Amino acid sequence: MFNEVKNNLKIRQVVEFYGVKLSNNKAFCPFHNEKNKSFSISDSKQIFRCHTCSDKAGDLISFVSRLYNLKPIDACKKLNEDFLLGLSGKLTKAQKLKSKRQATIMLKAKKDYEAKRQEYFDLYSMFGEFDKICIENKPNKGDEVNNLWIVANELREYYWDKILGLELI
Ligand SMILES: [Zn+2]
């Protein structure tokens with residue numbers, strides 16, 4: 001809402017609206033009593049400044065915020081109302097729907113990923129079991145091939161294929 005308010009208003013119209021009488025971009029400061037004009041605005045920078053109360057400088061929102069002692073967001077709301085800007089400060093129905101849909105997609109992707117990860121760990125632990133059996137029963141050259149090694153080897157590859165099928169690695 002801040003940017004919307006700033007894009008719709010000019011510092012000049014705001015300070016004048018709230019009673020600051022500008023001449024040559026200078027005026028009596030609304031924040032302190034004075035005889036010389038130390039308050040000024042800059043059209044190019046869209047800011048105000050008072051040379052006497054030096055902390056009093058900023059954009060049109062902080063002008064209203066300081067003048068009425070409001071939080072910046074409330075200053076925005078005041079400007080919105082006083083200048084009839086018609087800004088809601090809320091998301092439109094379409095924007096809401098879009099962000100809701102995105103959140104749903106993200107959540108589903110996260111769940112899918114976690115499920116896949118769990119599956120990966122399960123498969124990997126099975127793969128590890130059979131890999132261990134393979135190593136332990138690996139026949140030496142010239143030895144007869146034992147059945148345990150053959151079966152373990154097949155299962156080891158079966159689980160490895162499943163792991164690759166998950167496309168996590
Ligand atoms: Zn001042």
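This note goes through the sheet, a helix pair and one further helix of a predicted model.

1. **The sheet.** Start with the strands. Strands of a sheet pair through backbone hydrogen bonds, either parallel or antiparallel.

2. Now look at strand E3, which covers residues 47–50. E3 pairs with E4 over two bridges, in the antiparallel sense. To find the spot in the structure, look for Arg 49, which stands opposite Ala 57 in E4.

3. **Two packed helices.** Two packed helices are described by the angle between their axes and the distance between the axes. Helix H3 spans residues 60–67, and helix H4 spans residues 72–82. They pack at an angle of about 100°. Their axes are 8 Å apart. Angles of 65 to 115 degrees count as roughly perpendicular, so H3 and H4 are roughly perpendicular to each other.

4. **Where H3 and H4 meet.** Which residues in H3 meet H4? They are Ile 61, Ser 62, Val 64 and Ser 65. On the H4 side are Pro 72, Ala 75, Cys 76, Lys 78 and Leu 79. The residues of this contact divide into six nonpolar, two polar and one charged.

5. **Helix H5.** This helix runs over residues 93–136 and has 44 residues. From its first C-alpha to its last, H5 reaches 64 Å. That is close to the 64 Å expected at 1.5 Å a residue. Is H5 well covered or hardly covered? H5 is hardly covered: two of its 44 residues are buried.

Notes: Residues are numbered from 1 along each chain as its sequence is written. This is a predicted model: local features need pLDDT of at least 70, side-chain atom pairs count only at pLDDT 80 or more; totals for chains, interfaces and linings use all residues. Two strands pair if DSSP finds at least two bridges between them. Helices (H or I, at least four residues) and strands (E, at least two) are DSSP runs, numbered from the N terminus. Axes are lines fitted to C-alpha atoms, for helices over the stretch in contact, and angles run from 0 to 180 degrees between N-to-C directions. Angles under 35 degrees count as roughly parallel, over 145 as roughly antiparallel, 65 to 115 as roughly perpendicular and the rest as oblique. Two residues are in contact if their C-beta atoms, placed from the backbone, lie within 7 Å. Ala, Val, Leu, Ile, Met, Phe, Trp, Tyr, Cys and Pro count as nonpolar, Asp, Glu, Lys and Arg as charged, and the others, Gly among them, as polar. The expected span of a helix is 1.5 Å times one less than its number of residues. A residue is buried if 20 or more other C-beta atoms lie within 10 Å of its own, exposed if 12 or fewer, and partly exposed in between; C-beta atoms are placed from the backbone.
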